[in-house]
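This report goes through a single protein chain by topic. The sequence and the structure come next.

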Amino acid sequence: GTLVQDIPRQVPEACNHSPRADRSTVSHKVRIEPHTHLQRILQRRSLWVNSKHHQAVNQPAPGLSFCAVATDGIIEALEAADHPYVLAVQWHPEGLWQTDAASRKLFKSLIAAAGQGLAQK
């Protein structure tokens with residue numbers, strides 16, 4: 001795939017993806033694509049997330065597809081359709097799990113997949 005090396009420089013109209021707030025503070029919304037693994041896990045179409053990055057996926061690598069996009073068009077999550085559990089998010093659910101049910105669902109899904117051996121295949 002390809003990379004946006006520096007969001008503020010290359011996508012000047014982008015929202016702030018690296019605010020000075022700590023990881024327990026949400027900063028922007030993402031739209032979750034329908035009929036994706038992420039949407040099945042979270043059971044929703046949008047989500048407020050925290051953000052601490054200045055780089056992003058531009059074009060996903062072969063075998064990967066985006067499953068969540070920020071309101072500015074920056075790809076925020078990827079998954080692989082041909083694998084039982086490949087899911088990558090650009091935000092930091094580890095900073096939100098105590099107050100955010102969606103973050104807890106992400107961790108529970110990973111734990112369940114690991115328990116079934118799906119995360120290793």
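Which residues of the largest nonpolar core touch the most other members?

## Nonpolar cores

The largest nonpolar core has 16 residues, and those touching the most other members are Leu-38, Leu-42, Leu-47, Ala-68, Leu-87, Trp-91 and Leu-106. At least two residues of this core come from each of β2, α2, β3 (46-49), β5 (65-70) and α3. Apart from it lies another core of 7 residues, including Val-4, Ile-7, Ala-70 and Ile-74. A nonpolar core here is a set of buried Ala, Val, Leu, Ile, Met, Phe, Trp, Tyr and Cys residues joined through side-chain atoms within 4.5 Å. Helices (H or I, at least four residues) and strands (E, at least two) are DSSP runs numbered from the N terminus.

Leu-47 is in contact (heavy atoms within 4.5 Å) with His-28, Lys-29, Val-30, Ile-32, Leu-42, Trp-91 and Ala-102, leaving aside neighbours within four places in sequence.

## Basis of the model

The model is predicted: local features need pLDDT of at least 70, side-chain atom pairs count only at pLDDT 80 or more, and totals for chains, interfaces and linings use all residues. Residues are numbered from 1 along each chain as its sequence is written, and side-chain values use heavy atoms, with hydrogens and water left out.

## Salt bridges

The structure holds 3 salt bridges, each defined as a side-chain nitrogen of Lys or Arg within 4 Å of a carboxyl oxygen of Asp or Glu. Side chains of opposite charge can pair when their charged atoms come close. One of the bridges joins Arg-23 to Glu-94, with the closest N and O atoms 3.5 Å apart. This pair links distant parts of the chain, 71 residues apart: Arg-23 is in the loop between α1 (7-10) and β2, and Glu-94 is in the loop between β7 (87-89) and α3. Arg-23 has a relative accessible area of 40% and is therefore partly exposed; Glu-94, at 38%, also counts as partly exposed. The classes are buried under 20% relative accessible area, exposed over 50% and partly exposed in between (1.4 Å probe, protein chains only).

Arg-31 and Glu-33 meet through their side chains at 2.7 Å, N to O. Arg-31 is partly exposed at 43%, whereas Glu-33 is buried at 16%. In the bridge between Arg-9 and Asp-6, the closest N and O atoms are 3.9 Å apart. Arg-9 counts as exposed because its relative accessibility is 58%.

## The loop between β2 and α2

Thr-36 is located in the loop between β2 (28-32) and α2 (37-42). Its relative accessibility is 8%, so Thr-36 counts as buried. A polar atom of the Thr-36 side chain lies 2.8 Å from the backbone oxygen of Glu-33.

At 71% relative accessibility, His-35 counts as exposed. The phi angle of His-35 is near 60°, a positive value in a residue other than glycine.

## Other loop positions

Ser-51 is in the loop between β3 and β4 and is buried at 2% relative accessibility. The Ser-51 side chain reaches the backbone oxygen of His-17 at 2.7 Å. Leaving aside neighbours within four places in sequence, the contacts of Ser-51 are His-17, Ser-18, Pro-19, Ser-27 and His-28.

Gln-43 belongs to the loop between α2 and β3. Gln-43 has a positive phi, near 55°, in a residue other than glycine, and is exposed with a relative accessible area of 57%.

Gln-59 lies in strand β4 (residues 56-59) and is partly exposed, with a relative accessible area of 49%. Gln-59 and Thr-2 are 57 residues apart in sequence, with their C-alpha atoms 5.0 Å apart. Beyond residues up to four places away in sequence, Gln-59 touches Gly-1 and Thr-2.

On the surface, Trp-97, Phe-107 and Ile-111 form a nonpolar patch with about 310 Å² of accessible area together. Patches are made of residues with over 30% relative accessible area and no salt bridge: like charges are joined within 9 Å, and nonpolar side chains (Val, Leu, Ile, Met, Phe, Trp, Tyr) within 5 Å. Accessible areas come from the Shrake-Rupley method with a 1.4 Å probe; for residues, only the protein chains shown count as cover. Ile-111 lies in helix α3 (residues 101-115) and counts as exposed at 60% relative accessibility.

Terms used:
A polar contact is a pair of N or O atoms within 3.5 Å; within protein, one must be able to donate a hydrogen and the other to accept it, and residues adjacent in sequence count only if both atoms are side-chain atoms.
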